[in-house]
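Here is a short briefing on one protein chain. Have the sequence and the model open as you read.

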Amino acid sequence: MSLAKLNSNLMRLGAASAAMLAPVVAFAQEAAPAAAEAVAAAPVPNKGDTAFMFLCTILVLFMLIPGLALFYGGLVRAKNMLSVLMQCTVIGSAIMLIWVIYGYSFAFGGSESAYFGGFAKLFLSGVTPESTAATFSDAVIPEYIFMLFQMTFAAITPALIVGAFAERIKFSAAVLFCILWVTFVYFPVAHMVWDANGLIFGWGALDFAGGTVVHINAGVAGLIGAIMLGKRTGYGKDMMAPHSMTLTLVGAAMLWVGWFGFNAGSNLEASGGAMLATVNTFIATAAAVVSWCLVETFTRGKASMLGAASGMISGLVAITPAAGIAGPMGAIVMGLLVSPLCYFFVAVVKNKFGYDDTADVFGVHGVGGLFGAIATGVFASASLGGIGYAEGVTMGGQVMTQIYAVVVTLLWCGIGSIILYKLVDLIVGLRVPVEAEREGLDLASHGEAAYHS
């Protein structure tokens, strides 16, 4: 074969190959941009946001143990110190297990129901290191950290209730009630308020970090528990002053530090919204401390450490639903206003009606939560420095929406809690015997003593 003929055959072979490959090349050229676009469309968690949420989650755990445990422990008598520490520790641990088994699914399982998250994520089904949860922008975070952050909220909320009936409830009754309560009260309310399909979320109610879900819920359940268990033996006759205001302040300070995770973390990403929540958590709390001390000075002639600690918690509670919504000046006003209101319920209303709310759970968390939830509708206004309302929403309209959300929470929690206390009383009994109460729950329930003489 001549060289010219060989070249001619090679050229024909190349042309034929090119013709056969042309559809494949064309498909590849069309598919490549589509594949690249698909990869680009799949959001990837930002490592900074993920680290931020990890820190916030650990801070909320710090609120529960040791913060809340020490705060309540200092407020009870020495003979009941360990019982409160045990209740906070064991209740928190039990709820963490329940959360990963079914709680996360019941609250955020993807159901279109307005009241219930569904069963799709039982036992964390579908939750993997690769799955993500959406934030309030176009960003995402790993679903694991979202699940854990919400778990710490679920763990601390029932532990808050403990302070209302401290020093007289059976340990088994406290744990059983809290397990049932999160199942039938907390998880549905969390779904209604924070899930995109939830009833209250759909109304457009504002609850940045848990005014309704955490504080009103816990406060109402605590009040009902205090009434249904009855007063402590010797209440109004025996000395029942807090045994250690030092530990109470230590616990309150830990709560304040941990609350930055609680509020800033509810922004779900390390952005300006988280920083606004941080600013508000500082200054609303500071204003409430000063306000409570001023009220005590005018009414009692002296400002007390118990009052300063109570003001601290009141301010934190009030700003929680508005943390990333109100402006800094609005946060100060909220802090200044909440302390006189809570003080009135703690010092006047409780004595008037005679219920024994040991650590003033309703007076601080319930009343502060009610005030904060409704005031959020006011201080969200852009004219008052807030982030503003949704298009077409007025201040009056938003406040009414907040009131509707509060009413639903009050009814759901109130009715549910009454039923569950009755059920627990039938199963294990609510109250310890009088002899055990006089001896102290540390020894009677746990065989230990916090202090040895």
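**Briefing: helices, salt bridges and a surface patch**

The end C-alpha atoms of residues 51-451 lie 40 Å apart, and this span is 68% helix and 1% strand. Helices (H or I, at least four residues) and strands (E, at least two) are DSSP runs, numbered from the N terminus. The model is predicted: local features need pLDDT of at least 70, side-chain atom pairs count only at pLDDT 80 or more, and totals for chains, interfaces and linings use all residues. Residues are numbered from 1 along each chain as its sequence is written, and side-chain values use heavy atoms, without hydrogens and water.

**Helix α7**
- Helix α7 covers residues 211-229.
- Gly230 follows α7 and has a positive phi, near 85°.

**Salt bridges**
- The whole structure holds eight salt bridges (a side-chain nitrogen of Lys or Arg within 4 Å of a carboxyl oxygen of Asp or Glu).
- Arg232 pairs with Glu167, with the closest N and O atoms 2.5 Å apart. Arg232 lies in the loop between α7 and α8, and Glu167 in the loop between α4 and α5, so the pair ties together parts 65 residues apart in sequence.
- Arg232 also forms a salt bridge with Asp356 (2.8 Å, N to O). Asp356 sits in the loop between α11 and α12, 124 residues from Arg232. Both residues are buried.
- Arg77, Glu167, Arg168, Arg232 and Asp356 are linked in a network of salt bridges.

**Helix α13**
- Leu411 lies in helix α13 (residues 395-427).
- Leu411 has a relative accessible area of 52%.

Terms used:
Expected span 1.5 Å × (residues − 1). Buried < 20%, exposed > 50% of the residue type's maximum accessible area, 1.4 Å probe, protein only.
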